[in-house]
Amino acid sequence: MHLRRNRTRALGLAIPLVLALSMSACGSDSDGASTKKSALPAANSSLKGEIKIGAVLPLTGTNATIGKDQQRGIELAVAKINEGDGVLGKKLVVDIEDSQGTADAAIQAAKKLVSVGKVSAVIGEYSSGNSIPMQQYLQGQGVVGVNPGSSSIDLRSTGELQFSTIGLDDVAGKFTADALTEKGYKSIAILAPNNSYGTGIVDSVSAAFEANGGKVTTSGLYTEGQSDYRQELNRLKDSEPDAYVVTTYGKDGTVINKEIFELGLTDKPVFDIYMSQDVPDADPKSVEGRIGMDVNSTSADGQAYADLYEQTYGENFISSFNGYAYDAVTLLAEGIESAGSADSAAIAAALPEVSKTYAGVTGPVVLDADGQRSEQPYVIAEVKNGEIVPQ
Amino acid sequence: MVDYLLGVGILAAVYAINALSLNLQVGVTGLLNFGQVAFVGIGAYSVAILDSHGVHWAVGFAVGGIIAGVAGALVGRLGRTLSSDYWAIATLALAELVRLVALNQDGFTGGAQGLSAVAGLWTNLSGTARDTATFATIAALLVVTYVVARRVRNGQYGRVLVLIRENPDLAASLRHDVVSAKARVMALSAVMASVCGGFYAMYISFIGPSQLLPFATFLVFTMVVVGGLGNTTGAVVGALLITVLYDGTRFVRDWIDISADQAAGIRILVIGVVLLGFLLVRTQGLVPEKVRTAHARR
């Protein structure tokens with residue numbers, strides 16, 4: 001009797017659990033990064049041997065779309081390098097492992113690349129919570145790490161072999177604060193999601209804006225996934241700032257933008273950080289006239305790259321993260337070329353020097369003393385007739 | 001390769017301790033704890049917070065163990081007023097509570113950024129030697145946890161717990177203090193889970209609120225169910241199997257030439273299918289629970 005009950009109990013528990021586990025893979029849709037509209041150029045046949053580096057990307061889990069976009073950036077960079085002279089006369093290979101969007105799987109993935117694949121450099125990840133422990137692990141193993149997607153300032157202190165091709169929060173925060181000061185705003189109220197991305201933005205913008213002599217009347221951190229944000233928005237409104245500063249994305253962004261309009265917050269200027277994350281999904285009339293900042297993908301090299309991306313995958317950028325991954329691969333390749341070997345310490349020594357003259361698809365990537373990107377071109381834009389128009 | 005295998009071993013052992021703890025609650029006593037990750041989080045944060053203030057990890061383990069043990073006993077006592085299904089929902093709420101406190105107490109827990117650079121074990125060693133030493137430590141701890149869990153399960157107290165699972169009214173009528181028994185098993189399991197959390201934080205060298213989502217609990221539930229609900233050895237087997245399954249399938253891509261993102265999707269799908277297969281073929285788990293029948297026949 002109890003045996004049968006146990007059996008049903010076990011099954012009743014187990015089937016939903018297994019389903020829940022497999023669901024985590026659903027973020028990666030069937031239309032893979034490899035589904036190309038036109039094939040990438042073939043590798044130069046005169047290249048002999050291989051130089052292998054690794055990458056750890058969130059190919060499954062909640063950030064699977066970003067991971068897929070990062071993979072596309074890597075594919076394009078590898079194809080471009082191998083179509084030409086390769087690296088040290090050899091073919092460049094990037095071995096990509098899945099981080100499942102979790103810290104322990106990211107560490108295991110990096111372990112496999114380092115311990116089994118014997119790579120001398122690893123690119124990754126996207127979430128700061130995964131990139132930081134992964135870079136700490138890589139540093140301990142004496143392997144170069146390049147972060148193409150996380151922006152936490154804690155990445156500054158992961159070690160001398162660790163680098164970033166994306167500007168960290170302090171770079172984006174300084175740019176935003178300067179733009180707000182230049183527009184003549186004396187006080188701002190900030191709204192951001194309560195996660196590592198949002199808190200990083202709030203801290204860095206507040207610090208830089210206050211250093212400019214401005215005042216932050218209130219900073220609201222919203223819990224993601226709610227159906228209503230009026231409470232948070234009213235708090236912003238009640239603090240009576242000169243301008244509202246918001247950063248949001250996804251489904252939350254659609255709701256927040258609708259409610260910003262309904263509550264009349266649009267009577268004052270609304271400044272949007274990374275506006276391409278939420279403006280395209282918003283009701284056009286709710287975001288008309290909004291100003292904001294975003295990464296610049298319109299440099300000369302950037303445009304050719306954007307065309308190549310569109311031509312290869314048959315659609316425009318699905319996020320702004322493919323470019324940083326592209327720059328991570330290309331910068332590493334130039335570092336290896338300049339070092340004359342794929343030795344980790346030699347690459348790390350060469351990277352800052354190479355970065356001074358490197359023209360990336362996301363703009364110049366000059367690495368500072370901590371190995372972090374010191375400048376990144378952003379643009380100030382405005383929404384006109386539902387389109388984001390750079391000013 | 002050795003380092004990678006040691007990594008798999010360390011993770012498997014960490015998960016096995018977690019599974020042993022959950023098995024005592026769900027498998028043996030029938031307490032559906034959906035908030036297991038709360039106890040893991042308490043242990044992980046205790047070690048990480050104290051470490052960031054320069055306190056030795058052993059103190060972190062002790063503090064985490066005490067807090068988790070008290071929390072476990074209190075949650076166990078909740079069972080006095082809540083029947084099992086409602087109790088299960090309450091545990092889920094408790095886990096979310098712990099996560100939200102971790103998310104919002106910035107000064108204390110590092111908020112959404114989490115706490116990084118938690119010092120690991122054996123910092124005086126490096127490379128393979130360090131991994132080996134870490135693995136040996138966690139394996140020893142797993143053995144201790146296993147022995148404790150087994151003794152509890154097979155002793156008089158364990159039989160009372162099984163009776164509470166099968167028929168709480170009968171247990172009460174035999175003058176067993178059901179609430180106290182539940183509170184004690186919860187306290188013990190919570191201490192085990194917090195030790196597992198402390199090791200997790202030290203091994204990954206990072207803990208953040210995103211690691212305390214309910215998914216982390218469900219993963220351990222799967223290990224316990226696949227291994228065999230109620231069987232102490234089963235919990236370890238389940239944890240080992242699922243860790244090996246997750247990490248072993250990474251090598252599949254080395255044999256077939258497909259794009260990385262497709263390989264990643266297929267890998268998760270394969271894991272799901274294999275687990276379902278195990279459950280359909282062996283509904284009671286790989287190592288089914290043995291309830292002593294000899295005693296009854298005699």
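Student: How many helices and strands does chain A have, and what makes a stretch count as one or the other?

Tutor: Chain A has 12 helices and 14 strands, where a helix is a DSSP run of H or I with at least four residues and a strand a run of E with at least two, numbered from the N terminus. The model is predicted, so local features need pLDDT of at least 70 and side-chain atom pairs count only at pLDDT 80 or more, whereas totals for chains, interfaces and linings use all residues. Residues are numbered from 1 along each chain as its sequence is written, and chains are lettered from A and ligands numbered from 1 in the order in which they are written.

Student: Why is G220(A) called buried?

Tutor: G220(A), which lies in strand β7 (residues 215–222) of chain A, has 21 other C-beta atoms within 10 Å. A residue is buried if 20 or more such atoms lie within 10 Å of its own C-beta, exposed if 12 or fewer, and partly exposed in between, with C-beta atoms placed from the backbone; G220(A) is therefore buried. Of the 391 residues of chain A, 53% count as buried.

Student: Which residues does G220(A) touch, and what makes a contact?

Tutor: Leaving aside residues up to four places away in sequence, G220(A) touches L191(A), E232(A), R235(A) and L236(A), a contact being a pair whose C-beta atoms, placed from the backbone, lie within 7 Å.

Student: In what order do the strands of the sheet that holds β7(A) stand, and why are β7 and β14 of chain A called edges?

Tutor: The order in this open sheet of 7 strands is β7-β6-β8-β9-β10-β13-β14 (chain A), with mixed pairing. Pairing requires at least two bridges found by DSSP, and β7 and β14 (387–390) of chain A each have a single partner strand, so one side of each is left without a neighbour in the sheet.

Student: Which strands does helix α6 of chain A lie across, and what is its angle to β6(A)?

Tutor: Helix α6 (residues 196–211) lies across β6, β7, β8 and β9 of chain A, at about 165° to β6(A), where axes are lines fitted to C-alpha atoms, for helices over the stretch in contact, and angles run from 0 to 180 degrees between N-to-C directions.

How values were computed:
Two residues are in contact if their C-beta atoms, placed from the backbone, lie within 7 Å.
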